[in-house]
Amino acid sequence: MSQLQSSWEAHQQHMAYLGDTDMESAAASSSLPDAGGDLDRNAPRICGVCGDKATGFHFNAMTCEGCKGFFRRSMKRKAMFTCPFNGDCRITKDNRRHCQACRLKRCVDIGMMKEFILTDEEVQRKREMILKRKEEEALKESLKPKLSEEQQQVIAILLEAHRKTYDPTYSDFAKFRPPVRSDGDGREAAGSDSILAQDLSLEDSADLFGSEAFGAFPESVEPHMFSNLVLSEKNDKSGSMSIDFSQFSMLPHLADLVSYSIQKVIGFAKMIPGFRDLTAEDQIALLKSSAIEVIMLRSNQSFTLEDMTWTCGSRDFKYRVSDVTQAGHSMDLLEPLVKFQVGLKKLNLHEEEHVLLMAICILSPDRPGVQNTSLVESLQDRLSDTLQTYIRCRHPPPGCRLLYAKMIQKLADLRSLNEEHSKQYRCISVQPEHSMQLTPLVLEVFGNEIS
Ligand SMILES: [Zn+2]
Ligand SMILES: [Zn+2]
């Protein structure tokens with residue numbers, strides 16, 4: 001009898017413990033959002049019945065675990081107590097068991113309500129709901145994409161490869177043949193027909209551009225200059241037979257820059273996991289066709305939206321559209337190229353995504369001359385999976401929205417830029433006076449029309 005009684009009590013205590021922490025207190029506090037918990041979170045929480053340390057709001061009042069369980073048991077049993085004393089016992093932590101009548105009265109006085117007690121079915125239902133929610137959360141967690149060890153390692157290798165091959169100080173640029181900038185309409189270039197003369201006028205023309213075009217009024221001047229370039233391009237087309245070769249004053253510098261960049265792209269490619277497993281022929285085929293695309297991709301790091309230039313350190317190495325036209329390229333390439341740079345910049349790629357995109361670009365199985373397409377494809381697939389998983393787990397919204405699709409679109413844009421570049425490169429390199437300004441590496445990678 002007494003054993004049954006005590007085991008019943010223990011069961012009730014257990015139920016009270018489970019029920020309260022997880023369910024009833026939640027129900028009580030949710031129906032009373034302003035119950036005071038927020039107001040004095042730091043104030044000591046005292047049981048309103050006995051003065052013991054309270055554990056929260058239970059059945060609508062701040063109480064300890066003991067008084068919470070006592071109230072529930074009393075209500076469930078519909079117990080009727082009578083005070084053996086005067087009916088006004090002062091309930092304390094130590095004497096709270098002595099008079100159940102006054103303890104229960106105190107419970108009601110401070111606002112405890114039996115309506116807040118869940119029935120056994122309700123407790124069961126809530127418990128099942130909580131279990132179900134936990135299971136759902138566990139399932140969701142297990143379905144959430146995670147970067148595997150291998151994928152994390154691939155990313156780490158690519159980051160390291162990029163840092164080894166991209167110098168953000170651009171200190172090597174001073175070793176290139178110096179940039180020679182003639183003014184926009186070519187008047188200055190027309191006056192000087194030798195490279196030497198242009199070299200000598202370097203400082204003047206650089207100053208002219210620096211102060212006039214971009215010093216004081218960058219915003220108002222830029223569109224004007226841009227439209228001038230478009231117009232002069234139209235003029236060029238009408239009289240394309242009489243190109244003034246001396247206008248290509250930026251060709252030596254930019255040829256060196258591109259040659260240097262090709263070397264760096266090769267260095268990066270060699271560090272892409274799996275690239276070295278390809279045959280030498282396939283490595284060369286991939287690099288030849290992707291080099292200019294990767295150069296365009298990596299140059300985005302120096303591209304600034306403020307003035308639409310590639311800013312590589314000092315003013316000498318700040319490249320505008322007009323500088324590239326002075327290396328023989330036209331707006332048919334440069335307009336979509338600048339658009340591409342702006343679009344790519346606005347994606348705000350993480351460095352991880354940037355390096356993965358470059359690696360995916362290089363390992364494209366559909367490049368001309370590739371023999372083992374299935375191996376290249378499997379390497380590219382692995383990189384694409386890594387990129388997609390990276391975006392899903394590491395790129396927060398809203399930036400991640402459709403990001404993978406947008407990045408793949410950028411690869412498609414690069415194909416047409418590549419095509420236009422090849423076209424214009426052929427026009428430049430077919431003329432010996434220009435091809436002699438190029439480097440052996442550039443001639444090898446982009447093709448040598450002379451030989
Ligand atoms: Zn208490
Ligand atoms: Zn009493």
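This is a predicted model: local features need pLDDT of at least 70, side-chain atom pairs count only at pLDDT 80 or more; totals for chains, interfaces and linings use all residues.
Set aside its neighbours within four places in sequence, and Leu 356 is in contact with Leu 158, Leu 383, Thr 386, Leu 387 and Tyr 390.

Next, show the core around Leu 356. Leu 356 belongs to the largest nonpolar core, which has 61 residues. Highlight Met 358, Ala 359, Ile 362 and Leu 363 too: together with Leu 356, they have the most contacts inside this core. Then select residues 251-270, helix H10. Helix H10 gives the most to the core, with nine residues.

Now look apart from this core. Another core lies there, of 20 residues. Select Val 49, Cys 50, Ala 54 and Ala 61, which are among them.

Go on to a helix pair. Select helix H5 (residues 149-165) and helix H15 (residues 373-394). At what angle do the axes of H5 and H15 cross? They cross at roughly 95° and come within 10 Å. Angles of 65 to 115 degrees count as roughly perpendicular, so H5 is roughly perpendicular to H15.

Show the side chains at the crossing. H5 brings Gln 151, Val 154 and Ile 155 to the contact. H15 brings Thr 386, Thr 389 and Tyr 390. Colour the contact by class: three residues are nonpolar, three are polar and none is charged.

Finally, zoom out to the whole protein. Colour by secondary structure to see 18 helices and five strands. Of the 451 residues, 31% are buried. Among contacts with a separation of 6 or more, 72% are between residues 24 or more positions apart.

Conventions: Residues are numbered from 1 along each chain as its sequence is written. Chains are lettered from A and ligands numbered from 1 in the order in which they are written. Helices (H or I, at least four residues) and strands (E, at least two) are DSSP runs, numbered from the N terminus. A residue is buried if 20 or more other C-beta atoms lie within 10 Å of its own, exposed if 12 or fewer, and partly exposed in between; C-beta atoms are placed from the backbone. Two residues are in contact if their C-beta atoms, placed from the backbone, lie within 7 Å. A nonpolar core is a set of buried Ala, Val, Leu, Ile, Met, Phe, Trp, Tyr and Cys residues joined through C-beta atoms within 7 Å. Axes are lines fitted to C-alpha atoms, for helices over the stretch in contact, and angles run from 0 to 180 degrees between N-to-C directions. Angles under 35 degrees count as roughly parallel, over 145 as roughly antiparallel, 65 to 115 as roughly perpendicular and the rest as oblique. Ala, Val, Leu, Ile, Met, Phe, Trp, Tyr, Cys and Pro count as nonpolar, Asp, Glu, Lys and Arg as charged, and the others, Gly among them, as polar.
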